[in-house]
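Here's a quick briefing to read with the model open beside you. Take it one topic at a time, and find each residue as you go.

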Amino acid sequence: MIQSDPVIEWLLDSDPSIRWQVMRDLLDTPDREWMAERAKVETEGWGARLLSCQDEDGQWAGGAFLPAGFDAREWKERGQPWTATTFSLSQLREFGLDPACTCARRTVELIGANARWEEGGQPYWEGEVEECINGRTVADGAYFGIDVSPIVDRLAGERLDDGGWNCERINGSVLSSFASTINVLEGLLEYEGSTGGTHRSREARRTGEEFLLARNLFRRLGTGEPADERFLHFLHPNRWRYDILRALDYFRSSAILTGNNPDPRLGEAIDHLRSRRLQDGSWPLDGSPAGRVWFEVDDGQGKPSRWVTLRAMRVLRWWDAQPSINA
């Protein structure tokens with residue numbers, strides 16, 4: 001039985017933010033049980049620890065995208081800092097903080113009242129200027145019950161001719177990037193799951209998905225060569241960065257929401273995912289984006305990662321259950 005799987009037991013011997021997802025996605029636990037585990041994210045483990053780092057005005061580190069008093073030399077020398085509001089809020093969404101809990105409702109209200117984007121000074125829930133940032137803002141806003149439809153409409157209108165998005169569009173880029181596209185797609189999917197979406201948002205999601213699928217999630221369209229070898233490495237937390245596991249997890253969620261069968265063009269990425277499984281049944285962490293964090297949620301580069309393993313196992317469980325793929 002799957003409950004006796006040592007990898008499952010290893011995942012369950014962890015933080016509530018991982019346990020509830022294992023219960024829901026790998027064990028098919030009744031809703032009331034995994035929801036009770038999910039409720040612990042607010043009061044125990046990583047979720048509670050991240051909430052304890054929050055400023056009185058609802059922000060983290062005194063800023064929307066960057067910590068207060070940020071010095072650009074830090075980015076150059078140590079990497080991009082990840083402690084400000086946008087990345088902390090996204091991490092709480094990843095942990096599964098219940099959006100209906102009092103703490104979550106208070107947080108998004110305070111952020112709406114007090115947080116302003118460093119680039120342009122806009123109120124937080126009106127969105128920033130970059131597509132990549134706005135994709136995550138839509139995902140967080142939709143998850144936590146904020147009306148982000150104006151940002152969604154803007155993103156739908158910012159698609160490039162190849163169907164995806166690029167944060168450098170404003171600087172003249174005409175080709176989409178994998179990273180910008182996955183950030184926007186995740187936002188549009190969260191919005192669609194929360195509201196049903198609009199015709200424009202669903203069409204934008206379709207063309208963004210096609211951008212990735214036409215490239216087998218990691219190849220250049222023209223040459224077939226890998227667009228970036230790093231796309232085949234498994235990161236956590238991804239922050240804004242792209243890898244094929246992030247994309248596969250997105251396509252799993254998309255198929256579950258829409259009831260669509262998985263696209264066969266995911267197959268090459270699935271094969272690579274299988275090939276990276278360690279002998280003990282887990283998957284390793286290939287790396288984490290460098291830069292300031294509140295605390296680590298993995299055991300280190302090259303070591304088995306519960307987060308990567310959870311995502312890999314639920315992707316493969318979904319894929320292997322599809323008769324149209326495995327006939």
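Let's start with two helices that touch: α11 and α12 pack at an angle of about 140 degrees, and their axes are 12 Å apart. Keep in mind that this is a predicted model, where local features need pLDDT of at least 70, side-chain atom pairs count only at pLDDT 80 or more, and totals for chains, interfaces and linings use all residues. Residues are numbered from 1 along each chain as its sequence is written, and side-chain values use heavy atoms, with hydrogens and water left out.

**How helices pack**

- Two packed helices are described by the angle between their axes and the distance between the axes.
- Helices here are DSSP runs (H or I, at least four residues), numbered from the N terminus, and their axes are lines fitted to C-alpha atoms over the stretch in contact, with angles running from 0 to 180 degrees between N-to-C directions.
- How do α11 and α12 sit relative to each other? They count as oblique, the label for whatever is left once you take out roughly parallel (under 35 degrees), roughly antiparallel (over 145) and roughly perpendicular (65 to 115).
- α11 passes α12 in a left-handed crossing, meaning that the near helix is turned anticlockwise from the far one by less than a right angle.
- On the α11 side, the contact (heavy atoms within 4.5 Å) is made by Arg205, Glu209, Leu212 and Leu213, and on the α12 side by Tyr250, Phe251, Ser254 and Thr258.
- Sort the residues of the contact of α11 with α12 and you get four nonpolar, two polar and two charged. For that sorting, Ala, Val, Leu, Ile, Met, Phe, Trp, Tyr, Cys and Pro count as nonpolar, Asp, Glu, Lys and Arg as charged, and the others, Gly among them, as polar.
- Now look at helix α2 (residues 16–25) and α14, whose axes come within 11 Å and cross at roughly 10 degrees. That makes α2 roughly parallel to α14.
- Ser17, Ile18, Gln21, Val22, Arg24 and Asp25 of α2 meet Arg306, Trp307, Leu310, Arg314 and Arg317 of α14 in this contact. The residues of the contact of α2 with α14 split into four nonpolar, two polar and five charged.

**Salt bridges**

- How many salt bridges does the structure hold? There are 25, each one a side-chain nitrogen of Lys or Arg within 4 Å of a carboxyl oxygen of Asp or Glu.
- Glu268 and Arg219 join their side chains in one of them, at 2.5 Å from N to O. This pair links distant parts of the chain, 49 residues apart: Glu268 is in helix α13 (residues 267–275), while Arg219 is in the loop between α11 (199–213) and α12 (244–258).
- Glu268 is partly exposed at 28% relative accessibility, and Arg219 is partly exposed at 23%. The cut-offs are under 20% relative accessible area for buried, over 50% for exposed, and in between for partly exposed (1.4 Å probe, protein chains only).
- Arg274 and Asp320 form a salt bridge too, again 2.5 Å from N to O. Arg274 lies in helix α13 and Asp320 in helix α14 (residues 306–320), so the pair ties together parts that are 46 residues apart in sequence.
- Asp228 pairs with Arg230, with the closest N and O atoms 2.9 Å apart. Arg230 is exposed, with a relative accessible area of 54%.
- Arg24, Asp25, Asp249, Arg252, Arg311 and Arg314 are linked in a network of salt bridges.

- Most residues other than glycine have a negative phi, and most peptide bonds are trans.
- Leu217 is not a glycine, yet its phi is positive, about 75 degrees. Leu217 is found in the loop between α11 and α12 and counts as buried at 0% relative accessibility.
- Arg239 has a positive phi as well, about 55 degrees, and isn't a glycine either. Arg239 lies in the loop between α11 and α12 and is buried, with a relative accessible area of 12%.
- The peptide bond from His236 to Pro237 is cis, with omega near -15 degrees, and Pro237 is found in the loop between α11 and α12.

**A glycine in a loop**

- Is Gly164 buried or exposed? Gly164 is buried, with a relative accessible area of 0%, and has its place in the loop between α9 (149–157) and α10 (178–195).
- Leaving aside residues up to four places away in sequence, Gly164 touches Arg159, Ser176, Thr181 and Phe211.
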